[in-house]
Amino acid sequence: MSCATFAWGCWWTDLVMQRFVPDLLPSIALVATIASLFAGVGLICGFLCLRGKNRLWLAIAVIPILANASLLATPFLLGSTHGLAEYREQAPETGAGEVPDSAEDNSAPGSAVGAPPR
């Protein structure tokens with residue numbers, strides 16, 4: 001599970017950097033590669049710890065196996081790394097704390113947030 005934690009740390013660090021310091025953002029291929037290395041090691045360790053002696057041990061060992069397998073599948077679930085790089089290029093640049101124009105509240109006083117204007 002430590003390897004899965006490090007791999008998720010790579011993805012979350014990338015997301016935080018994308019939000020707050022987009023100038024220092026590494027390529028998505030680099031992030032996916034580093035996270036996949038951690039997940040691959042964790043998956044191998046998970047399979048090596050399988051000892052089919054009882055069902056409880058199998059249930060405990062399947063947790064890190066599934067966690068690391070999901071991390072290996074993350075780039076495919078999010079789309080290709082090329083598609084993620086294109087998304088980054090098309091995403092509007094907003095500073096920390098800025099509200100994009102499309103998210104302004106045009107509702108009347110006392111109405112629910114996000115309600116259409118009257």
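At what angle do helix α1 and helix α3 pack, and how far apart are their axes? In this predicted model, α1 (residues 2-20) packs against α3 (residues 55-77) at an angle of about 25 degrees. The axes lie 9 Å apart. Angles under 35 degrees count as roughly parallel, so α1 is roughly parallel to α3. The crossing of α1 past α3 is left-handed.

From α1 come Cys 3, Ala 4, Ala 7, Trp 8 and Trp 11. From α3 come Ala 67, Asn 68, Leu 71, Thr 74 and Pro 75. By class, the residues of the contact comprise 8 nonpolar and 2 polar, with no charged residue.

Helix α3 is kinked. The bend is about 30 degrees and lies at Leu 71.

The overall architecture is helical. The protein has 4 helices and 0 strands, in the order α-α-α-α along the sequence. Of its 118 residues, 23% are buried. Contacts between residues at least 6 apart in sequence were also sorted by separation. Of these, 63% join residues at least 24 apart.

How values were computed:
Residues are numbered from 1 along each chain as its sequence is written. This is a predicted model: local features need pLDDT of at least 70, side-chain atom pairs count only at pLDDT 80 or more; totals for chains, interfaces and linings use all residues. Side-chain values use heavy atoms; hydrogens and water are left out. Axes are lines fitted to C-alpha atoms, for helices over the stretch in contact, and angles run from 0 to 180 degrees between N-to-C directions. Helices (H or I, at least four residues) and strands (E, at least two) are DSSP runs, numbered from the N terminus. Angles under 35 degrees count as roughly parallel, over 145 as roughly antiparallel, 65 to 115 as roughly perpendicular and the rest as oblique. A crossing is left-handed if the near helix is turned anticlockwise from the far one by less than a right angle, and right-handed if clockwise. Contact means heavy atoms within 4.5 Å. Ala, Val, Leu, Ile, Met, Phe, Trp, Tyr, Cys and Pro count as nonpolar, Asp, Glu, Lys and Arg as charged, and the others, Gly among them, as polar. The bend at a residue is the angle between axes fitted to the seven residues ending there and the seven starting there. Buried means under 20% relative accessible area, exposed over 50%, partly exposed in between (1.4 Å probe, protein chains only).
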